[in-house]
Amino acid sequence: MTQKKENNETWSFYGKLPKDENGKRRNYKRRGFKSKKAAKLAETEFLKQYNHILPTRLKLNDLIVEYHKDTPSHIKLSTIKAYIRFEKYVISPSFGNRYIDDITTIEITRWINNILQNGYNGRIYGESSTRNILLHLSGLFTYAIDHNWLQKNPCHKVKPPKDPNKVIKKQSCEENFWEIEEYNQFINTVEDEYKRDLYEFMFLTGLRIGEFCALQWKDVDLINNKLRISKSLSAITSKITSPKTTHSNRTIQLPSKIVEKLKQRYIIVSQLDGFNEDYYLYKDENYISIATFRRWFNKDVKKSGVKRITVHVLRHSHASYLLSNPMISELLIADRLGHSVEMLQSTYAHIYEKSRKNLIDFIDEL
């Protein structure tokens with residue numbers, strides 16, 4: 001169903017009819033409407049006469065089965081697993097046995113609002129989860145439309161629910177990263193040389209933990225001091241996948257301190273039986289699991305007595321250190337972290353307050 005404004009300022013509608021009994025489809029188009037709304041209403045009326053051509057009505061559970069026949073070809077496994085959880089615990093119990101063309105916008109609106117307010121089957125869902133549940137339900141209906149099993153998506157007019165009483169907590173800079181002094185205090189307490197090398201690598205590169213765990217020797221150029229980030233370990237599926245975003249696929253320069261340690265490590269591990277360039281950087285033919293890395297880090301942070309942060313906040317700390325230097329451009333920092341400049345400014349907004357002060361201090365020294 002599509003409406004278009006013509007050169008003579010009138011509106012038209014056009015599209016393809018569902019397959020007929022012979023499996024054929026034909027185009028349709030009607031012109032001469034004064035507004036888009038008029039064209040849309042006329043198209044709806046026009047298509048009613050072809051409702052009998054639509055295939056057998058589907059229930060939502062049947063639609064879900066059809067949907068998952070195609071999703072593995074274009075959706076990450078971690079995302080599919082999240083969808084399956086939504087379907088199992090919320091969507092199917094609510095609408096699974098309903099015909100998809102009987103589910104209305106108003107009942108979806110009240111249903112999703114109630115989930116945010118009261119949870120569902122004893123489970124509590126926040127704004128982000130309820131929004132994702134609604135988006136997936138809408139995606140199922142869109143899939144049905146694409147396959148001529150449904151004419152209109154009942155989710156399109158449903159607004160994602162918001163908690164009007166929610167208090168937005170703004171984290172302070174101190175809660176989001178370590179100062180360089182805090183990092184040094186921590187790293188100096190780590191007695192295990194192997195673990196100390198892991199933490200140092202993470203802090204000096206700013207990699208995400210999944211990106212780090214997926215690194216192989218073939219990703220390192222020890223001659224030109226470069227590192228290629230082209231994949232990531234999923235914490236949900238424990239599978240190596242493509243990076244988080246397009247910007248995440250990048251090449252960064254390695255500090256000489258890291259390169260020298262990698263050269264020493266390479267001399268040792270390259271002597272192992274079966275070693276090849278597919279070996280993981282700080283392990284062997286298998287990668288370090290994200291859960292193991294986090295357990296080591298949390299234990300060592302607690303032992304050090306330094307302010308407790310997560311592994312991911314090492315990345316924030318790396319960003320903070322770079323942003324504190326007014327001579328380094330945002331574009332260079334964004335490229336290194338695998339962000340766009342806009343995402344950098346959004347993600348590290350709390351750090352910019354410190355950078356602004358450093359900028360003025362730098363100017364004052366002129």
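Start your tour by selecting helix H1, residues 36-48. At 1.5 Å a residue, its 13 residues should span 18 Å, and the end C-alpha atoms sit 19 Å apart, which agrees. Bear in mind as you go that this is a predicted model.

**Stop 1**

Keep H1 selected and show its side chains. Which residues of H1 are buried? They are Ala39, Ala42, Glu43, Phe46 and Leu47. Now turn the view to look down the axis of H1: these buried residues fall within an arc of 130°, so they line one face of the helix. On the face turned away from that buried side, look for the exposed residues Lys37 and Leu41.

**Stop 2: colour by confidence**

The protein chain has a mean pLDDT of 85, with 87% of its residues reaching 70 or more. Then pick out two elements: helix H6 (residues 173-176) has the lowest mean pLDDT of the chain's elements, 49, while strand S4 (residues 220-221) has the highest, 96.

**Stop 3: Glu200**

Move on to helix H8 (residues 193-205) and select Glu200, which lies in it. Is Glu200 buried or exposed? Its relative accessible area is 6%, under the 20% cut-off, so Glu200 counts as buried. To see its surroundings, show Tyr183, Ile187, Lys257, Ile258 and Lys261; these are the residues in contact with Glu200 once neighbours within four places in sequence are left aside.

**Stop 4: a cavity**

How many cavities of 30 Å³ or more does the structure hold? There is one. The largest cavity has a volume of about 50 Å³.

**Stop 5**

Finish at the second largest pocket, with a volume of about 500 Å³. Of the 19 residues lining this pocket, select Arg208, Ser232, Leu233, Ala235 and Lys244, which are the closest to its centre. Then show the elements that each give two or more residues to the lining: helix H3 (77-95), helix H9 (209-213), strand S6 (232-233) and helix H11 (290-304). Which element supplies the largest share of the lining? Helix H9 does, with three residues.

Terms used. Residues are numbered from 1 along each chain as its sequence is written. This is a predicted model: local features need pLDDT of at least 70, side-chain atom pairs count only at pLDDT 80 or more; totals for chains, interfaces and linings use all residues. Side-chain values use heavy atoms; hydrogens and water are left out. Helices (H or I, at least four residues) and strands (E, at least two) are DSSP runs, numbered from the N terminus. The expected span of a helix is 1.5 Å times one less than its number of residues. Buried means under 20% relative accessible area, exposed over 50%, partly exposed in between (1.4 Å probe, protein chains only). The arc is that of the directions from the helix axis to the C-beta atoms. pLDDT is the predictor's confidence in each residue, from 0 to 100. Contact means heavy atoms within 4.5 Å. On a 1 Å grid over the protein atoms alone, a cavity is a set of points where a 1.4 Å probe fits but cannot get out, and a pocket is an open set with protein on both sides within 12 Å along at least five of seven lines; lining residues have an atom within 4 Å of a point. Grid points are joined across faces, edges and corners, and a volume is the space filled by probe spheres set on the points.
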